[in-house]
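The stops below go through ring contacts and then strand pairing.

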Amino acid sequence: MDVLIQPKALKGTVTPPPSKSMAHRAVLALMLAEREGILSNLGISRDIQATQACVAALQEAKSAGTLPHLDCGESGSTLRFLLPISLAVTGGGHFTGRGRLMERPQKPYLDLFEEKGISYTQKEGVLTVRGTLLPGLYRLPGNVSSQFVTGLLYALPLLEGDSEIQMTSPLESASYVDMTLDMLERFGITIGQRKDGFLVPGGQRYRAKNLTIEADWSQAGFWYAAKALGNEIEITGLDPNSKQGDRVVDSHFASLCGAGDRTIDVSDCPDLVPPLAVMAALRQGTTTLTGAARLRIKESDRLATTAALLTALGGQVEEGEEHLTVRGVPRLIGGKVDGANDHRIVMAAAIAATACRMPVTILGAQAVEKSYPAFFEEYQRLGGEIHVL
């Protein structure tokens with residue numbers, strides 16, 4: 001679906017959708033509890049649907065004593081969380097996905113599998129793992145993705161013996177692991193923390209509970225960007241004490257609303273780069289977003305595609321190996337943006353359109369269904385004018 005957006009100001013109150021990061025973690029914890037519980041406000045994004053479908057397949061395979069086929073869609077969280085969980089529950093599984101998912105790096109796990117005697121094959125887009133997850137020492141790099149840590153933190157408590165996760169390099173996106181630890185604690189799992197990793201007692205059991213998923217600070221970033229561009233938007237429903245690391249968007253927004261040069265380290269909030277770049281596009285001063293190398297292995301090469309969207313609309317941006325430098329301009333022009341099958345690029349372009357002189361065409365706008373299916377409905381409700389081409 002391609003859309004044409006007329007430059008119109010947005011005005012009104014908006015509540016972001018449920019936190020996708022929290023929903024993934026809650027769905028998996030409730031599955032491992034193997035007892036009834038109620039999760040409210042899960043949302044209907046494609047990523048969460050992928051996790052729910054994989055949970056159902058894993059439960060069916062466990063009952064049947066077979067190896068499950070787990071279609072993870074385009075969800076990196078689903079794939080990386082479930083790889084070790086499947087080993088602990090069903091002795092492995094066949095994993096598939098769409099888009100760039102199966103091209104995204106899994107080396108930290110594959111290195112561990114070789115060390116632990118777990119077999120794996122990857123052929124024609126299918127990653128198959130088989131083996132027994134045993135307690136012990138697990139060494140992981142911290143600079144690829146915190147999702148590998150989360151997957152092990154969910155699986156290792158199920159084993160009979162104690163385990164240790166040792167980080168071999170500093171852990172980036174540590175706030176996502178904090179969210180994991182908080183969710184595990186809610187479901188009765190105890191994890192010990194140490195300077196270079198985590199101690200995981202074995203023989204633990206998940207306890208079912210009822211939980212309401214809070215609003216998503218990451219998606220709120222786009223509405224903050226709308227505010228920064230002068231739209232009269234009020235954002236409601238967010239928990240200021242949330243464990244979500246992307247809550248820092250509030251302080252970054254305040255900083256970028258002032259004039260002068262700014263440097264923001266996004267290593268702990270990489271998903272905020274597209275809306276932060278849009279915020280920076282029209283401000284007085286130069287904004288440098290650093291620590292963003294891991295964005296190259298998202299749904300798109302998100303450093304390149306964020307730079308491309310701003311350039312297409314008349315912004316001034318320089319792309320570095322691990323950073324973006326955005327120089328504010330008086331006005332964006334408009335034009336055509338390739339959504340690159342990336343939900344965050346599409347939403348960033350739509351918000352930028354509110355500050356353009358001419359219409360903006362976005363190719364592949366349906367990508368928002370991955371995380372925020374109601375985004376364009378909300379956009380129109382707030383006064384946006386969208387035409388499907």
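**Aromatic stops**

Select Phe 375 and Tyr 379: both are buried, where buried means under 20% relative accessible area, exposed over 50% and partly exposed in between, using a 1.4 Å probe and protein chains only. The model is predicted, so local features need pLDDT of at least 70 and side-chain atom pairs count only at pLDDT 80 or more, while totals for chains, interfaces and linings use all residues. Residues are numbered from 1 along each chain as its sequence is written, and side-chain values use heavy atoms, with hydrogens and water left out.

Phe 375 and Tyr 379 both belong to helix H12 (residues 375-381), four residues apart, about one turn of the helix. Helices (H or I, at least four residues) and strands (E, at least two) are DSSP runs, numbered from the N terminus.

How many aromatic pairs does a search of the whole structure find? The search gives 11. One of them is Tyr 109 with Phe 113, a stacked pair at 5.9 Å centre to centre and 10 degrees between the planes. Rings of Phe, Tyr and Trp (its six-membered ring) pair if their centres lie within 6.5 Å; planes under 30 degrees apart count as stacked, over 60 as edge-to-face and the rest as tilted. Both Tyr 109 and Phe 113 are in helix H4 (residues 107-116), four residues apart. Tyr 109 counts as buried because its relative accessibility is 1%, and Phe 113 counts as buried at 4%. Go back to Phe 375 and Tyr 379 for another geometry: the ring centres are 6.0 Å apart and the planes are at 45 degrees, so this pair is tilted.

Next select Lys 116 and Tyr 138. The charged end of Lys 116 sits over the ring of Tyr 138, 4.3 Å from its centre; the criterion is NZ of Lys or CZ of Arg within 6 Å of the ring centre and within 35 degrees of the ring normal.

**Strand stops**

Show the open sheet of four strands, ordered S4-S5-S7-S6 with mixed pairing. Its edge strands are S4 (69-71) and S6 (119-123), each pairing on one side only. Two strands pair if DSSP finds at least two bridges between them. S4 and S5 (residues 92-96) run parallel, joined by three bridges; select Leu 70 to find its bridge partner Phe 95 in S5.

Finish at strand S16 (residues 316-319), which pairs with S17 in the antiparallel sense over four bridges. Gln 316 stands opposite Arg 327 in S17, and a hairpin through four residues joins S16 to S17.
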